[in-house]
Amino acid sequence: MTGSLLTCAQARRVLWPGQGPRPASPDVLAAQEHVAGCAPCSAFFVEQATLGAAVRESDRRSAPDALRRRVLAMVRGGRQPALRKVALGVAATVLIAAGAVAIWWPDRGVSERTILSLFTAEHQRLVAGGGISSGDPAEVTRWFAGRVDFALRIPEFAGGALLGGRLCMADGHRGAIVEYEFEGQMVSYFVLPLAVRGAPAELRHAAQAGYRVVWWMQDGLLHGVVGGLPAERLEQLAKWCRELLGKPSGPLTGRPRSAVLQPWEG
Amino acid sequence: MESPRPTLEQLLDAHLDALYRTALRLCRGRTADAEDLVHDAVARAVEGYAELRDPAAGRSWLFTILVRTHLNRDRTRRRRRESLAVDLSEAAFEDALANWRPARSPLDDAARTDVRDRVIAALHRVDDAYRTVVWLVDAEEWRLRDVAELLDVPEGTVASRLYRGRQALKAALERREGDMTA
């Protein structure tokens, strides 16, 4: 390539970016001389610079205000509002959440189509990571307690294994997804602080992207179960969830009470 | 005169945006997961702030917590298994540098601001180990040796991951270009 003693690979290695300011050592000077006289090496570094600039310019967004408020509140020593709500007990918290939903979304709601797309897209991401992996409903409940602005009860189902949970974003608000496995089939249980146009109190059924969905509104929150189970089994799960949510419960501080449901023994 | 030690609140105020963007890259753009990752990292920072001896290292300390929190989650998340990066030896790295071929079409437009979404989408298709290094070095302007310390790997490994990550990004951009022109 050039008359210098370095090969192209050696020159590229010596001048490889990310090393910070360096003294003009003989190696560096020789590599610079090589590149100056070598068209492929010049092209190599132009391409590297282009890729580096593309990454650098790709995302300059700011952190969401809600996140900023949340973490700064944590730093200032205050526990998060959601944790205090939990201490008030389920009944009070559900009322607060329901009231908040009514205030946040007085005249609007997302469409059914949007909800179904969200359910199935998030269900397909079941193995994408993030969240908490645990079969202990108390641990999963505690994990959600500081992360969502509503009280979440984690049902246990006989014949099904709790796998954990994670967050999802729905219309700009944080919702919960609890994950289960039934006979080798994954099932996602959604609880979202959303209102849906024509909000159904009764169970509503749909199928999308190869999955079945059963969803309903309860206490101002949108609930849904999604999976590949037979329709009647998924509906039974939804019924058990709804029944559980309708029962009074003790406070969720400490070890929360979780109902053990047996959807297959009805 | 020594500058006063910044409070954790001041540190976060200065670096939260960059932490969030990095969390987004680590979580492949999933906003809920990224917010949650930042939340957990800040919780750890609150616990460990008293141990921060060098105020000038505050930024790298925060990033280290963020990245390690992410890595720990990945390790404990049993349902997720990505193929681990096979790192190159120094000799193999030089071979790779020698065998570089220019992009099939010019990448000049990759640096334009109106193609940001394409670059981000391509970046999210790059394996975790490479994407983390590419983002920290190229976007957050970390030096290789600092990334090496953060990830607890040799500096040469970080250099080769940066190269392979950029190659993977280039390939992803070219594939996308091919999809659009097909």
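A polar contact is a pair of N or O atoms within 3.5 Å, where, within protein, one atom must be able to donate a hydrogen and the other to accept it. By this rule, 19 residue pairs, both members at pLDDT 80 or more, are in polar contact across the interface of chain B and chain A. The model in which they occur is predicted.

On the side of chain B that touches chain A, the elements giving two or more residues are helices H1 (8-26), H2 (31-48), H4 (90-98), H5 (116-124), H6 (128-139), H7 (144-151) and H8 (155-181) of chain B. The largest share, 11 residues, comes from H2(B). By class, this side of chain B has 32 nonpolar, 25 charged and four polar residues.

The size of an interface is often given as the accessible area lost when the parts come together. Here the area buried between the two chains is about 5,400 Å², and carbon and sulfur atoms give 58% of that area. Chain B brings 61 residues to the contact and chain A brings 58 residues. The rule also finds 10 salt bridges across the interface. Glu35(B) and Arg70(A) meet through their side chains in a salt bridge, at 3.0 Å from N to O.

Notes: Residues numbered from 1 in each chain as written. Chains lettered and ligands numbered in written order. Predicted model: local features only at pLDDT ≥ 70, side-chain atom pairs only at ≥ 80, totals over all residues. Heavy atoms only, no water. Contact = heavy atoms within 4.5 Å. Buried area = accessible area lost by both parts, 1.4 Å probe. Salt bridge = Lys/Arg side-chain N within 4 Å of Asp/Glu carboxyl O. Polar contact = N/O pair within 3.5 Å; in protein donor to acceptor, adjacent residues only side chain to side chain. Helix = DSSP H or I, 4+ residues; strand = E, 2+ residues; numbered from the N terminus. Nonpolar A, V, L, I, M, F, W, Y, C, P; charged D, E, K, R; others polar.
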